[in-house]
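My notes follow in the order I looked things up.

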Amino acid sequence: MIRSTLLIAAASVALSGCALLASPDPVQLYRFGGASAFAGTGATSACPDVHVSMRRVDFPEAARGDRILAVTGAEAAYIKGARWVSPAETLFEEALRNAFADGGTCTVLSSGPLTRDGLLLSVDVRRFEAAYAAPGAAPEANIVVLLRLVRPGDRTIVAEDRIMVSESAGENRQSAIVAAFDRATAEASRQIVLWTDQQGFQATRN
């Protein structure tokens with residue numbers, strides 16, 4: 001009788017464990033990068049093409065992947081129940097490449113070998129996080145990017161710069177936070193394209 005009771009108890013524990021494993025917390029998938037960096041600007045270009053090859057966009061380890069990083073002071077965590085539909089670094093690079101294609105600038109991103117007068121662009125994202133001033137407050141989507149433009153032939157650094165973008169979510173909701181990342185990515189992409197265009201054009205004149 002005791003043996004039977006133990007077997008029933010063990011089976012109950014096993015079944016409850018299976019139920020927990022089979023019913024994970026629901027996760028909402030989000031994407032960013034849909035906002036056009038140059039929507040409605042009517043930008044046109046009268047300068048000669050500047051051929052640029054862009055290295056793979058680099059992201060800080062904590063912000064890589066599909067989890068949404070949140071920071072409050074010195075504490076960091078991931079927003080529960082929310083994931084990016086693809087790794088954040090992939091979505092950011094797609095948005096940036098689209099901005100280069102849509103910007104109407106001098107810059108032409110090359111998918112093949114660099115031309116003789118081509119340049120190499122490094123995009124190093126140092127921060128990509130939802131920053132909270134206090135727990136429960138409306139966060140800001142913060143993006144910090146280090147840029148470097150190099151002439152590969154002699155490895156001369158043509159230009160370096162730092163771009164910082166911050167967009168308030170307005171409220172502490174997942175959809176509002178994602179919308180803030182979308183706007184921040186569009187603005188960061190716009191600034192990167194314009195900076196590359198300006199610096200690349202100057203480099204072709206020197």
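I checked confidence first. The mean pLDDT of the protein chain is 83, and 79% of its residues reach 70 or more; pLDDT is the predictor's confidence in each residue, from 0 to 100. I noted that this is a predicted model, where local features need pLDDT of at least 70, side-chain atom pairs count only at 80 or more, and totals for chains, interfaces and linings use all residues. Residues are numbered from 1 along each chain as its sequence is written, and side-chain values use heavy atoms, without hydrogens and water.

I then compared elements. Helices (H or I, at least four residues) and strands (E, at least two) are DSSP runs, numbered from the N terminus. Over residues 1–23 pLDDT stays under 50, and the model has 0 contacts there beyond four places in sequence. Contact means heavy atoms within 4.5 Å. Where pLDDT is low, predicted coordinates should not be read in detail.

Next I looked up a residue. Asp124 sits in strand β6 (residues 119–132). Its side chain makes a polar contact of 2.7 Å with that of Arg126 (a pair of N or O atoms within 3.5 Å; within protein, one must be able to donate a hydrogen and the other to accept it, and residues adjacent in sequence count only if both atoms are side-chain atoms). Leaving out residues up to four places away in sequence, Asp124 touches Asp58, Val144, Val145 and Leu146.
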